[in-house]
Amino acid sequence: MPFIDFNTRKKIILFPGISGPVYHSEQLTFGHFTLEEGVELPAHSHVHEQWTHVIEGAIEFSLAGEKMLLTPGMAAFIPSNTIHSAKAILLSKVIDCFMPVREDFREKEKVNEAI
């Protein structure tokens with residue numbers, strides 16, 4: 001399927017206060033996520049490489065001990081197994097891309113975590 005309408009895809013809850021639709025190709029997962037103002041994603045890591053691109057809002061991002069305030073047009077690249085965290089200073093919208101595919105997100109789509 002070469003064209004995806006994220007406006008009509010069901011949203012999954014990634015973490016309380018973080019939700020959005022995702023789509024998976026054979027090699028990566030792509031998502032449009034909304035972070036509620038004040039939500040804090042605790043420090044974590046995963047095997048996936050990740051790109052987070054801020055579309056709206058402001059997010060304090062911590063990556064391998066370095067902090068940066070990301071605003072619209074800014075992005076963070078998270079290498080595999082790198083500890084990172086985030087706090088939404090304002091209601092924020094991001095585009096996230098993960099490689100390889102986030103199988104855990106696929107599972108969330110299958111269960112009743114969709115909104």
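1. The largest nonpolar core of this predicted model holds 17 residues. Within that core, the residues with the most contacts are Phe33, Leu35, Ile59, Phe61, Val94 and Phe105. At least two core residues come from each of these strands: S4 (29–35), S7 (59–63), S9 (75–78), S10 (84–88) and S11 (92–99).

2. Leaving aside residues up to four places away in sequence, Leu35 touches Gly17, Ile18, Ile59, Ala88, Leu90, Leu91, Ser92 and Val94.

3. The secondary structure consists of 11 strands and 1 helix.

4. Taking contacts between residues at least 6 apart in sequence, 65% join residues at least 24 apart.

5. On overall size, the C-alpha trace spans about 35 × 25 × 25 Å along its principal axes. The radius of gyration is 13 Å, which agrees with the value near 13 Å for a compact globule of 115 residues.

6. How much of the protein is buried? Of the 115 residues, 35% count as buried, meaning under 20% relative accessible area. The protein exposes about 6,800 Å², and carbon and sulfur atoms supply 57% of that area.

7. The charged side chains number 10 positive and 15 negative. The centres of these two sets lie 4 Å apart.

Technical notes. Residues are numbered from 1 along each chain as its sequence is written. This is a predicted model: local features need pLDDT of at least 70, side-chain atom pairs count only at pLDDT 80 or more; totals for chains, interfaces and linings use all residues. Side-chain values use heavy atoms; hydrogens and water are left out. Helices (H or I, at least four residues) and strands (E, at least two) are DSSP runs, numbered from the N terminus. The radius of gyration is taken over C-alpha atoms; the globule rule is 2.2 Å times the number of residues to the power 0.38. Buried means under 20% relative accessible area, exposed over 50%, partly exposed in between (1.4 Å probe, protein chains only). Contact means heavy atoms within 4.5 Å. Accessible areas come from the Shrake-Rupley method with a 1.4 Å probe; for residues, only the protein chains shown count as cover. Lys and Arg count as positive and Asp and Glu as negative; His and the chain ends are not counted. The place of a charge is taken as NZ of Lys, CZ of Arg, CG of Asp or CD of Glu. A nonpolar core is a set of buried Ala, Val, Leu, Ile, Met, Phe, Trp, Tyr and Cys residues joined through side-chain atoms within 4.5 Å.
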